[in-house]
Amino acid sequence: MTMGETAPVNGLASVEAEIVRACRDARRERSTVTLVAVSKTFDADAITPVIAAGQRVFGENRVQEAQRKWPELIAAHPGLALHLIGPLQSNKAKEAVALFDAIHSVDRVSLCEALAKEIDRQNRRPSLFVQINTGEEPQKAGVSPSNADDFIARCRDTHGLTISGLMCIPPMDDAPAPHFALTAKIARRNGIKQLSMGMSADFAIAIALGATHIRVGSAIFGTR
Ligand SMILES: *Cc1c(COP(=O)(O)O)cnc(C)c1O
């Protein structure tokens, strides 16, 4: 193995050790937390050793980048799951439903419509997460916490979508815990079981607050 290949595998091992520790501290089973290895900007040479080390769930934030990188990797390694963690344009819903097993960034009625149509047409059902803009940051995607209940109801009732989870990205300069707690609270009152929250810097805190999916990039693959 070259240096380039050992680095992400070492990163994966230390992230795994920290997940185990965080689960133990939170009295949770390791199996209740899915590690989504965020491979955006990294190419197949960096990703292949991580697959070889046993990682099966990967995250990308751009549809086009994922379309370039993943079909070949998926064909070569059965059993992989690919999650879209970045914003999705309605006009890319078709490609997204075809390629991804989960979409973490549902946040607009127009996108719900486009997804519902493609899910029907392709008969493929990616898990859907509604993104909550917990910090109410104007530049950030996501539904504001005060609109979350209405939006979730609309996804379900008007568009017939199954909402599996909620996702959040806390503001850069805030302590993440209150944002994770708020996301968990919105999920609870809407009967939603899955929580996509926690990144390289804060996934242990997210696990303590109920995360079922942590999205970890740089701690595995290195700085981008
Ligand atoms: C890039 C990205 C991550 C991973 O961030 P790291 O700090 O590298 O772990 C997680 N979630 C989203 C939405 C991202 O865009």
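Is Glu 60 buried or exposed? In this predicted model, Glu 60 counts as buried, because its relative accessibility is 0%. The residue lies in strand 2, which spans residues 57-60.

The side chain of Glu 60 takes part in polar contacts with two residues, Lys 69 and Trp 70. The contact between the side chains of Glu 60 and Lys 69 is 2.8 Å, and that between the side chains of Glu 60 and Trp 70 is 2.9 Å.

The cysteines were examined separately. A search of the whole structure returns 0 disulfides. For Cys 155, the closest cysteine sulfur belongs to Cys 112, at 3.3 Å from the sulfur of Cys 155. A disulfide requires the two sulfur atoms to be within 2.5 Å, so the sulfurs of Cys 155 and Cys 112 are too far apart for a bond. Cys 168 is likewise in no disulfide; its nearest cysteine sulfur, that of Cys 155, is 17 Å away. Cys 155 is buried, with a relative accessible area of 0%. Cys 168 is also buried, with a relative accessible area of 0%.

Note on methods: Residues numbered from 1 in each chain as written. Predicted model: local features only at pLDDT ≥ 70, side-chain atom pairs only at ≥ 80, totals over all residues. Heavy atoms only, no water. Buried < 20%, exposed > 50% of the residue type's maximum accessible area, 1.4 Å probe, protein only. Helix = DSSP H or I, 4+ residues; strand = E, 2+ residues; numbered from the N terminus. Polar contact = N/O pair within 3.5 Å; in protein donor to acceptor, adjacent residues only side chain to side chain.
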